[in-house]
Amino acid sequence: MCRCLLLTLLLGTLVNFSLYAQNAVTGSVKDESSNPLAGVSVQVEGTTIGTKTDENGQYTISVPDGDAVLVFSFVGYSPEKVTVGTQRRVDVTLLGSATELEEAVIVGYGTQKKVSVVAAISTMKATALRQTPASNIGIALAGRLPGLSVLQRSGVPGGEQLDFYIRGRSTINGQQPLMLVDGVERDFTALDPREVETISILKDASATAVYGVRGANGVIMVTTRRGHSGKPVIDITTEQSFQAPTRLPAIVNAYDYARLYNQVELQNGRAPVYDDVALEHYRLGDRPELYPVRDFVHEFMKDAFPMRRVNVNVGGGNDRMRYFTTVGYLFQDGIFKTEKFDEYDYDPSSKANRVNFRSNFDIDINSSLSMFLNVSGYMQKKNDPVVVPNNGAYLDDVNAYSVVIGSLLQTPSNYHNDITPDGEVLSTPLKGGNINNVPYGMLNRSGFRNTLTNQVTATLGAEQKLEFITPGLSAKVVASYDATSINQQIRQRTFQLYEAKRDPNDPDGVVYEPTGTMTNSSLSDSQAQSQWNLMNIDASVNYSRTFGMHDVTGMLLFNRYQRVINIDLPYNYVGYVGRATYGYDNRYLAEVNFGYNGSEQFAPGHKMGFFPSFSVGWVASEEDFIKDAMPWLSFAKIRASYGQVGNDNMNGARFAFLTLWNGSYESQIGNTELEWEKASKANIGLETRFFNDFSFDADVFYERRNNILIPADGLVPTGVFGTGGVFVSGIIPKVNAGEIENKGFELVGGYQKSFNPDTRLDIKVNGAFNRNKVLYLSEVLLPEDYTYRLRSTGYRLGQQWGYKTAGFFNSEDEIQNWYDQSGIGATPKLGDLKYVDTNGDGVVTEQDQVPIGNPEMPEWTFGAAFSFQIKGFDFSMMWQGVAGRSYLLTGQRIWETYNFNEWHKEAWSQERFDAGLPITYPRLEPGSNASKLPSDFWYTDGSYIRLKNAEIGYTLPQQLSKRIGATSIRLYANGLNLFTFDRYPVKYQDPEQNNELLYPVFKAYNFGLNVSF
Amino acid sequence: MRQIILTLLAGLGLVFQYACEKVLEKTPDGQTTIDKVLNNYNRTKGLIDVAYNEIYQARDQISFVHNTMECLTDNAFWAATYNAYEWHNGALSLSNPVINWPWASPSEQLWPDFWRGIRLANNAIKYLPQSTVITEQERRTWIAEARVLRCWYYMNLLEFYGPMPWIEEPFEPTYMGWNELVRPTYDELASKIEQELLDVINSRVLPDRQPTQEARRVDNGIAYSIRARVLLYNASPLNNPENDQNKWRRAADAAQDVLNMPNYSLVSMSDYKRLFIGAFSTPVTEIIWRSWTDNSHINNANGVDVGSYPYASINHMWNCGESPTQELVDAFEMTNGALPVTYDDATRTRVTVTPEAAELGYSEAAGGDPYANRDARFYINIVHNMMNYGVPYNCTEPYIIETFVGGRNGFNDVISQETQRSCTGYYSGKDKQIKYWGPGGSQGHEPTHWVFFRLAEFYLQKAEALCELGDLEGAMTALNVIRQRALQPRLQDVPGFVNTQEFIRERIRNERRVEFCLEGQYRFDDQRRWKILNETNRFVTGMRITKGADGKFSYERKKIRDYQSYTDKYLVMPVPLEDAKKMTGLTQPAAWQ
């Protein structure tokens, strides 16, 4: 059969050739990633002349004349038309089209044609991730996939913190989606963007039921690039970026500090601390030894710092074997200015180097047996200052850098914070802070820690067709083993602090005296190690066959997973997965999935759970009546799914079903019916393509999460239970009783148009909304005098609470005539915030708190990507934003507790009030003060929109690139977090961050060169 | 080929299935599960030992901070704004049990502690039969002990919170029947306790009286004592509004059962103080059960500040704590059996001295002495003005108490501060020893143990029950045993004796107040079960003594403060809100509904 076809084709070509015997045109066809495309149809428009590209994407075709137009078409790609003219070689690049319906979509434990997918899955090609210089591909995901929220919390080089949520939150326990790389649970954030092929998120029960007890929070699935047959394609990229913090605090200068300090003293009826002489020295900055005039934020943080990235990858293969191999290198510098400490010759800078590698092989051993091997990994070397010596709690990035940042924020600009002429650490003891927390000393003199992370992941798979049993049957085994080791070398020391004092013998002189309890010590060595291993085996039997109009597939899979973390008892999962799909005429689709799995942390008899899902789809556009009525509608599919998924992420509580004894007391009472959380999810989706270039997809979902593990306090009378007090849960176990609902929708609109082979526009806009509601968390009703007697039930997770304010107290009369606020703090003074008595009892107390704004986790996420290509130029940008989010302004970056910032200049004072000047901040009171309680004054709208990335590139004409033997040379510049618009009253912190002491988040400007051979 | 593959697949499937089941059953090593408790002798024995641990060992450690139960009554006043202050302010509410210990975590005391005791006893009862490492004798003994302890904790609950559902097994975390647990009647729970205790007693597993080295452990005498107290309270007006005579009969019989125990006898008045101080290892014939932890720190939190001793440098105490009220002082008879005064009006600040007291020299006039010729127990319990408090350790000169204004223990008019000087003019002396104090912090005191049951209680129980049953002769016979030990005349011989139930009831109640003052929570319970809280707890008074230029003392009775703690809400404490909400069947006491 096959041979006959080939012969016919050959004959046809010969016939054509003989008939026209005209000009032969040759060329190659590639995709956007320069991978050769095999099987692309090449046709001369208006004729029957046609051919297909070979495995290397090469073709040869005879054209009748110069007016001939070649049409290149391939499923999943926009057709291209090229007028031949005088060309003898026509190379084209086919671009993925909006009607990429034949494309394979990765689903749990398999792939499906996009047209027949009936689950809520969003997929993106990783090419878009390469348009941004983000050091971590998680950062680049923000706004790309509808339903996925990504918030970057910190920017520590090599240790970025990201929060991922799929469709928001539905539980108070672990909310992290399951993350898979090539089907195995792995963290993808350390991957090089150029080793990634696609990233998908699985959202509804139909998509995630196969992950059973771990699928309820959704799944982020990453697939890596594989080779295509053809001659090797070598791709080299090198990038140089400059990073800078998006936002910095605005600490006032020394002169303003002293003035504001005096203002506080005067307001409190005390004598000013800084006399006119001192003020004048601060203003002029002429006696820095005694009257320092500093700007610590800029003195200790760099304005710009580099990041470098190099990637080399090679892909190719032949008919039996394909390979893709890559090596990537990343260097990230840190924000803090550090100095080598010569005495011990070490480098305390914060920076990271990472090398990623990957080799993915596919081998067809014979016509029925194929195997693949993926080997990848990375080595990361990260360097940080120790910051707080001899304290294990600060070997953690967040803890260590929060001390540095906190100290920088609370060191007034008229303090000493550097070195004496003899090179000793000079400090002014911090008010209220730890005397040892001197940024200079902590960054430069505390030693360093070097963290070396090595990860090797390996996956070996084999697939055997079992046609001899029945056609369409195959079996597959995939085994993975990952090993990660983290070695930390810590060399730390303490340092002696010195204080600058007036020389008693010389009125103009300065002496430096030792202070504090620390002394200069030598470097001491210590080490910390940790080891993680993962073993995963999937064994499956697959069936796929078409009987006339009926498409049937089936899959049954066994999974065994073990993760070893240091010396903990290994984390084990076992389970079975099944899937059956049925399609009729590509019009009516139905699918059943199930996961039957469990883990060791549940009670005996409750270890294994069954998680089914059902889904149906109707491809309306295949119906003749639709085709007739709406010819412009090229594709429309309606799908619906319902199912149950589980979540076993108990926030680290393991073996909570065991009753444990300490001596003869129960120290933990086990919940002998401990189970997973159950999520019931319904989803209805619509996918359309119309007028050729437009697309619109929508999904609406509803989820009800029950069985949520919650403290039993609200259920069990803890006093009568007999294990402790009434108000503490003591040793009573958590129970599966919480209930939360979550609903929302996602909308995606697209427009893709190729105006001609050189001009192409691509717009994709998405928006997603979700809102959850706590139905039951065993909350105990507050007494009747509370305005709101429930603080979580009926509200969104993370609902924030505080007082309602009514402006400032502007006169003594107002204080007298206002409600008594003394119950929540000191008696109010002029300029303090007025709180509203919401329960009408005439006094302001804790009972008067009201819900304020939105949770910190946003309800709305948006993304809008534009790309435009013309001739050799390409331009893209991507806007991303969130809304429906509130943030509580608090802490060192905002309050005057330790330092003054620019905002404080607009604080309430009698002079400002009398002069009618704008007042935007309450009376300054560095001590405790009722005005600093959480209130609607401090909650700010946390919405933001940012130009997440923008890129402009230019691909050199082929004539030029050929001179060095390259097939393509592209120069580009792109940027990350370029502009941010938000509604914060003061822009002292990146809006994505949720704590004022986190390592800053960066913007970056990047220049790159990409060469392909 | 096909068969090979199929066989291979089947084999793989089996291996996976096996791996599947095995791998999920592992739990971490090195953790103690119940089997490791039951196969270890010490841990098994620990099951009964820990069941004793919820018994309060110090009467000043129930309520913050070192507030004794007496200062929640009209017997004693505690200055400063701690729990007693809050209590009398009327702060008791569903969400504020007041009697707590805010520095501890959790701060709640009584309610969770008693239930914890019940759980620990239930744990012992449940798990001891499963142990493989103890003898049959040990198993039977310890289970019997646990059953008695469970009754003890239920008795505690009864005294504060009223009857509670009888729970015989430790609650499982999956237990969901909370709303089905309903409050029984007092009689139902009392009967259950009685039945349980008689069951243990009749099984003859426990000794009648524990040998000295085991004196902390419960025995039949203790079981009888719990039963008697529970049945007396069951018959009392609060819990027996219909005055069911049968309940009094049971109470009288139960008291008699204790009196019938051969092992106990009253100590003589000369040894009376030995009831409250002295080593645990030295048994006292009258004591049935007492705390086994030395409680002598009570000298530092309640009592006289010996730091003002003029002859040596002695550390000051922390707080004078429970200061006896004038009302308590008035309850002590003269040696001739007469009560010293009658109140002229409801303010209790104007009094008429009874003629028989006046005969013995009682006078509150200037230069008079209201403290001479009083009941012998007065001098043990009440430290008063110009009393010789004894000689501090390692000293030779006696310490003379000066409670008059300006005296070294002088009167304190400020009631809202911690103080070393009494606001009532009196100090508590019952379980206090001056030898706790000595120069430079030296101490020569003996241990102090809180007495849970002593024989005297059961004579007075019997007297009370018989009086209510109309057996006035029998009542007086029992009462006079206690009076005569205190060297007081028989009731029949006291001035103004009337042979009526009312008179005898009043004097029996007065006897209880005097005999057990400053000792435990007798007055607290009695004010409630007799339903006299709203008459007795509205305010308290003290004696403000001034010393004239001529050296003569003037006496002025002074109201210290009004109390809000007299309402019916204070009769039975409410079930704490957090638990009440989860147990809808556990109705609140009437005043709290």
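This report walks through some helices, strands, cysteines and aromatic rings in a predicted model.

**A helix in chain B**

Let's begin with helix 8 of chain B, which covers residues 220–235 and has 16 residues. From its first C-alpha to its last it reaches 22 Å, close to the 22 Å expected at 1.5 Å a residue.

**Strands in chain A**

Over in chain A, three strands make up an open sheet with mixed pairing, in the order 4-1-7. Strand 4 (58–63) and strand 7 (92–93) of chain A are at the edges with a single partner strand each, so one side of each has no neighbour in the sheet. What holds such strands side by side? Strands of a sheet pair through backbone hydrogen bonds, and they can do so in a parallel or an antiparallel way. Strand 1 of chain A, residues 23–30, pairs with strand 4 of chain A in the antiparallel sense, over six bridges. To find the spot by eye, look for Thr26(A), which stands opposite Thr60(A) in strand 4 of chain A.

Which strands does strand 49 of chain A pair with? One is strand 48 of chain A (residues 944–955), in the antiparallel sense over seven bridges. Another is strand 51 of chain A (residues 1002–1012), also antiparallel, over nine bridges. Two residue pairs mark these contacts: Ile952(A) has Ala973(A) in strand 49 of chain A as its bridge partner, and Gly975(A) has Tyr1005(A) in strand 51 of chain A.

**Cysteines without bonds**

How many disulfides are there over all chains? The count is zero.

**Aromatic rings**

Over all chains, the count comes to 94 aromatic pairs. Here are two of them.

| Pair | Centre to centre | Angle between planes | Arrangement |
|---|---|---|---|
| Trp903(A) and Trp938(A) | 6.0 Å | 75° | edge-to-face |
| Trp78(B) and Trp318(B) | 6.1 Å | 50° | tilted |

Trp903(A) sits in the loop between strand 46 (886–888) and helix 12 (910–915) of chain A, while Trp938(A) is in the loop between helix 12 and strand 47 (939–941) of chain A, so their pair ties together parts that are 35 residues apart in sequence. Both Trp903(A) and Trp938(A) are buried.

In chain B, Trp78(B) lies in the loop between strand 1 (76–77) and helix 4 (83–89), and Trp318(B) in the loop between helix 10 (298–301) and strand 3 (323–324), so this pair ties together parts that are 240 residues apart in sequence. Trp78(B) is buried at 3% relative accessibility, whereas Trp318(B), at 30%, counts as partly exposed.

Chain B also has an aromatic cluster whose members include Tyr56(B), Trp87(B), Phe114(B) and Tyr570(B). Some rings have an arginine over the face: Arg216(B) lies over Tyr52(B), at 5.6 Å from the ring centre, and Arg561(B) lies over Tyr85(B), at 4.6 Å from the ring centre.

**Two last stops**

The loop between helix 12 and strand 47 of chain A also holds Asp936(A). At 30% relative accessibility, Asp936(A) counts as partly exposed. Asp936(A) and Val850(A) are 86 residues apart in sequence, yet their C-alphas are 9.2 Å apart in space.

Finally, find Arg454(B) in strand 8 of chain B, residues 451–454. Is Arg454(B) buried or exposed? With a relative accessible area of 0%, Arg454(B) is buried. Its side chain is joined to that of Glu519(B) by a polar contact of 2.7 Å.

Terms used. Residues numbered from 1 in each chain as written. Chains lettered and ligands numbered in written order. Predicted model: local features only at pLDDT ≥ 70, side-chain atom pairs only at ≥ 80, totals over all residues. Heavy atoms only, no water. Helix = DSSP H or I, 4+ residues; strand = E, 2+ residues; numbered from the N terminus. Expected span 1.5 Å × (residues − 1). Pairing = 2+ DSSP bridges. Disulfide = S-S within 2.5 Å. Phe/Tyr/Trp six-rings, centres within 6.5 Å; stacked < 30°, edge-to-face > 60°. Buried < 20%, exposed > 50% of the residue type's maximum accessible area, 1.4 Å probe, protein only. Lys NZ or Arg CZ within 6 Å of the ring centre and 35° of its normal. Polar contact = N/O pair within 3.5 Å; in protein donor to acceptor, adjacent residues only side chain to side chain.
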